[in-house]
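I opened the model to look up a few local features and to note what each entry rests on. The entries follow in the order in which I took them up.

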Amino acid sequence: LPERVFEITEDLWKRITPWPLIPFRLVQTYGWYVSYLYSHQYLVMPVWRNGKAVYYSARKLEEAANLCKYLYPKGAKKSYWISSDELKEDPIIICEGVADAVYCSTIGSSVAILGSHYAGTLDTIFRDRHVALVLDGDAVGIFSAITIKQKIAKVAKSAEVVILPNGKDPTDFSVDKLRELVYK
């Protein structure tokens, strides 16, 4: 993991948050912090397995156009973010990014596939389960959700795509509205 430069306090979270609806308690629960990557501030969102950090997603906090919005560890094997080691609730909510999946964890079991592609790596988790794909409401997210649904439908009990309004992400909705969209 990148060096921990700043712990995030509730006041700091209110100032820096790229996602105003994500409550500070989730930042604490999942161990997010601020670091410098390539001399710029990034929010580091660790991926945990059995109490150990195995991967991370980092989101830029600065408004520099030349910075990548998201960074991942170079040379490391991609490891998906999962809301808990035991995904007990159905449907399992699949999202693109860690922040979206963390936010969706407030309404159920969630997984971040860290992008818009899925290679079948988590099929054992989805086998005989109900799955809801809640990817971003843009062309890439909608196309990816439909493509991923076709792959997951082969192993899942059911797979549904939740199409969000154009340009919207799961983190753009109140928890109640998100719950309504996923469970309707």
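**Asp-136 and its surroundings**

I began with Asp-136 and, leaving aside its neighbours within four places in sequence, found it in contact (heavy atoms within 4.5 Å) with Glu-96, Asp-100, Gly-141, Ile-142, Lys-168, Asp-169 and Pro-170. I place Asp-136 in the loop between β9 (130–133) and α5 (139–152), where helices (H or I, at least four residues) and strands (E, at least two) are DSSP runs numbered from the N terminus. Asp-136 is buried yet has no salt bridge, and Lys-69, the nearest side chain of opposite charge, is 7.0 Å away. For the terms, buried means under 20% relative accessible area, exposed over 50%, and partly exposed in between (1.4 Å probe, protein chains only). A salt bridge is a side-chain nitrogen of Lys or Arg within 4 Å of a carboxyl oxygen of Asp or Glu, and for charge Lys and Arg count as positive and Asp and Glu as negative, while His and the chain ends are not counted.

**Basis of the entries**

I keep in mind that this is a predicted model, in which local features need pLDDT of at least 70 and side-chain atom pairs count only at pLDDT 80 or more, whereas totals for chains, interfaces and linings use all residues. Residues are numbered from 1 along each chain as its sequence is written, and side-chain values use heavy atoms, with hydrogens and water left out.

**Ala-132 and Pro-91**

I then looked up Ala-132, which lies in strand β9 and counts as buried because its relative accessibility is 4%. Leaving aside neighbours within four places in sequence, the contacts of Ala-132 include Pro-91, Ile-92 and Val-182. Pro-91 is found in the loop between β6 (81–82) and β7 (92–95), and a cis peptide bond, with omega about 0°, joins Asp-90 and Pro-91.

**The sheet**

I noted an open sheet of 5 strands in the order β1-β2-β3-β4-β5, with antiparallel pairing (two strands pair if DSSP finds at least two bridges between them). Its edge strands are β1 and β5 (70–71), each of which pairs on one side only. Strand β2 (residues 33–37) is joined to strand β3 (residues 40–49) by 5 bridges, and Leu-37 stands opposite His-40 in β3.

**Two positive phi angles**

I found a positive phi of about 55° at Tyr-38, although it is not a glycine; Tyr-38 lies in the loop between β2 and β3 and counts as exposed because its relative accessibility is 58%. Leu-114, also not a glycine, has a positive phi of about 55°, but Leu-114 counts as buried, at 8% relative accessibility.
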